[in-house]
Amino acid sequence: MIVAKNIYKSFGDHEVLKDINFTFEKGKTNLIIGASGAGKTVLLKILVGLITPTSGEVWFNAQDVCKFNREQLRELRMDIGMLFQANALFDSMTIEENIRFPMDMFTNRTNQEKRHQVDYCLERVNLSGINDKYPSEISGGMQKRVGIARAIVLNPKYLFCDEPNSGLDPKTAITIDELISGITRDNDITTVINTHDMNSVMEIGDNICLLSQGEVAWEGNKNEILVNGNQVISDFIFASPFLQRLKSQALS
Amino acid sequence: MQFLKDFGKFMAWLPDIFSKPENWTMYYKETIRQMYDIGIGSMSIVMLISGFIGAVTAIQFSYQLKGSMIPSYYIGYIVRDIMIIEMAATLSCIVLAGKVGSTMAAEIGGMRQKEHIDAMEIMGVNTSAYLVMPKLLASIIIIPLLVTIALIVGVAGGYVAAILVAGLANWEFERGLRFLFEPYNVFIMYVKAVSFAFILTAVACYQGYFVKGGSIELGQASTRAVVFGSILILVADLIIALILMG
């Protein structure tokens with residue numbers, strides 16, 4: 001479980017996050033949603049310690065990580081996996097080298113054990129047999145799945161995904177969502193996804209935090225979206241006339 | 001003012017660079033890779049330039065000696081000492097600041113922009129150490145070797161030019177090479193080589209690691225790595241000359 005308490009973040013005079021309080025629950029896919037510029041990526045980077053908040057606390061179980069020194073932060077990060085919006089795969093390494101990089105750096109496993117774990121992770125994301133390809137030789141959707149494979153290679157307790165569906169077609173996006181959701185359930189980990197993909201919200205939104213102008217405008221789950229009367233979430237999810245018609249039909 | 005700010009930031013960054021590696025094998029492999037890239041990748045340009053410099057020095061000095069009372073074997077003496085004291089280390093490292101420095105700044109800066117550095121940080125890697133320390137070690141080991149090659153090729157270039165153009169006999173040039181040889185000068189050459197290697201690598205890594213913005217800023221960082229690296233090498237050259245020869 002991760003708890004954000006009274007998070008504020010400013011860049012110069014510009015206040016990006018204001019008094020964010022939210023609990024990201026274990027074993028669930030926790031979604032941070034909101035329009036572009038709402039502060040989603042900043043909040044995600046604060047959670048993983050890439051950005052320091054102006055004030056506030058981030059608790060991983062019983063520890064406030066904002067008070068961690070660099071060494072403590074590095075130890076915590078052994079338990080964190082992250083999928084970046086642009087994948088951040090090392091383009092001069094093969095897929096296998098990308099996935100085994102955290103193992104090479106932090107474990108004393110034998111080559112055979114590492115190879116086995118790479119194969120297992122690739123199988124988990126349905127990409128067996130592409131070990132020797134380079135990131136530039138596979139599609140965007142496959143790169144996302146390789147990013148997931150690399151994120152889970154050390155069996156993390158926390159998985160963070162920044163816009164996992166950006167730039168993907170709807171069908172591939174659903175595959176990625178199902179994959180992340182499945183890994184979260186099977187491994188009983190805390191997953192935090194930053195997205196503005198409405199399909200993701202309605203399919204895998206176990207616990208949702210809607211950010212609007214740097215503040216938590218709504219929180220709940222996918223089942224509450226249709227029936228709750230909050231105007232901000234309604235305007236955000238059912239933004240187009242087409243979706244508004246669908247919502248009316250569903251409710252009637 | 002900006003220089004002092006950057007210098008302070010770099011000094012504060014140094015403990016991170018030289019902190020204990022997470023995995024010695026990975027750092028060792030990266031150091032070897034960098035040594036190969038810097039050493040093999042730069043050997044031809046260093047040899048080409050030092051060969052020409054040695055030849056030009058011999059030709060120009062023989063031109064100046066015409067009609068004078070100075071014996072012609074001094075050409076070998078001058079070529080040897082000018083290569084040892086100045087040209088082999090300083091000129092090679094200025095060339096390397098352009099070739100290696102810009103590559104390093106672009107490599108690290110590109111990793112910053114493509115979130116590779118963030119990805120490594122999230123994994124728990126000390127990116128300052130992993131990305132910079134192997135480059136510094138590789139440079140400090142391999143650049144003195146390149147400077148040694150530059151010295152040998154420079155003297156060889158001078159020899160060929162002295163024989164073919166200036167009309168010296170073999171024995172004259174060889175006598176000049178042995179004339180008033182001072183081993184201390186070789187020590188100065190290696191002090192320069194190690195110092196310049198550290199400077200050009202540190203400046204390039206600093207410019208790449210802290211780059212912000214897009215491709216234009218990455219290009220500017222790469223240019224700064226070359227310009228500042230070259231200027232700092234010349235400043236260090238002066239300081240070393242004052243300390244060791246003043």
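Two strands are taken to pair if DSSP finds at least two bridges between them. In this predicted model, 4 strands of chain A meet that condition and form an open sheet. Their order is β2-β1-β4-β5, and the pairing is antiparallel. Strands β2 and β5 (63–64) of chain A are the edge strands, since each pairs on one side only.

Strand β1 (residues 2–11) of chain A is joined to strand β4 (residues 55–60) of chain A by 5 bridges. Across from A:Lys5 stands A:Glu57 in β4(A). A further 7 bridges join β1(A) to β2(A), again in antiparallel fashion. Here A:Phe11 stands opposite A:His14 in β2(A). The hairpin of β1(A) and β2(A) has 2 residues between the strands. Within this hairpin, A:Gly12 takes a positive phi near 65 degrees.

Positive phi values also occur in residues other than glycine. A:Asp19 has a phi of about 50 degrees. This residue lies in strand β2 (residues 14–24) of chain A. A:Asp19 is partly exposed, at a relative accessible area of 35%. For A:Asn87, phi is near 75 degrees. A:Asn87 belongs to the loop between β6 (80–83) and α3 of chain A. With a relative accessible area of 7%, A:Asn87 is buried. The loop between β6 and α3 of chain A also holds A:Ser92. In A:Ser92, relative accessibility reaches 61%, so this residue counts as exposed. A:Ser92 and A:Glu15 are 77 residues apart in sequence, and their C-alpha atoms are 38 Å apart in space.

Helix α3 (residues 95–106) of chain A is largely enclosed by the rest of the structure, because 10 of its 12 residues are buried. Among the buried residues are A:Ile95, A:Glu96, A:Arg100, A:Phe101 and A:Asp104.

In soluble globular proteins, nonpolar side chains tend to be buried together. The largest nonpolar core in the model has 69 residues. A:Phe101, B:Ile75, B:Tyr130 and B:Ile143 touch the most other members. At least two residues of this core come from each of α3 of chain A and α1 (2–17), α2, α3 (74–113), α4, α5, α7 (183–209) and α8 (215–245) of chain B. The most is given by α5(B), with 16 residues. Beyond its neighbours within four places in sequence, B:Ile143 is in contact with B:Ile38, B:Cys93, B:Leu96, B:Ala138, B:Ala193, B:Ala197 and B:Leu200. A second, separate core has 40 residues, including A:Ile95, A:Cys121, A:Ala149 and A:Val153.

A nonpolar patch of about 750 Å² is made by B:Val227, B:Phe228, B:Ile231, B:Val235, B:Leu238, B:Ile239, B:Leu242 and B:Ile243. One of these residues, B:Ile231, lies in helix α8 of chain B. B:Ile231 is partly exposed, with a relative accessible area of 45%.

Over all chains, 23 salt bridges are found. One of them links the side chains of B:Glu115 and A:Lys45, at 3.8 Å from N to O. B:Glu115 lies in the loop between α3 and α4 of chain B and A:Lys45 in helix α1 (residues 40–47) of chain A, so this pair joins two chains. B:Glu115 counts as buried, at 16% relative accessibility. A:Lys45 is buried too, with a relative accessible area of 17%.

Another salt bridge connects B:Lys135 and B:Glu107, at 3.3 Å from N to O. B:Lys135 is in helix α5 of chain B and B:Glu107 in helix α3 of chain B, so the pair ties together parts that are 28 residues apart in sequence. B:Lys135 is buried, at 0% relative accessibility. B:Glu107 is partly exposed, at 28%.

B:Arg112 forms a salt bridge with B:Asp118, and the closest N and O atoms are 3.8 Å apart. B:Arg112 is partly exposed, with a relative accessible area of 24%, whereas B:Asp118 is buried, at 16%. Elsewhere, salt bridges that share partners join A:Glu96, A:Arg100, A:Asp104, A:Lys114, A:Arg115 and A:Asp119 into one network.

Technical notes: Residues numbered from 1 in each chain as written. Chains lettered and ligands numbered in written order. Predicted model: local features only at pLDDT ≥ 70, side-chain atom pairs only at ≥ 80, totals over all residues. Heavy atoms only, no water. Buried < 20%, exposed > 50% of the residue type's maximum accessible area, 1.4 Å probe, protein only. Core = buried A, V, L, I, M, F, W, Y, C linked by side-chain atoms within 4.5 Å. Contact = heavy atoms within 4.5 Å. Patch = residues over 30% accessible without salt bridge, like charges linked within 9 Å, V, L, I, M, F, W, Y side chains within 5 Å. Areas by Shrake-Rupley, 256 points an atom, 1.4 Å probe, with all protein chains shown as cover. Salt bridge = Lys/Arg side-chain N within 4 Å of Asp/Glu carboxyl O.
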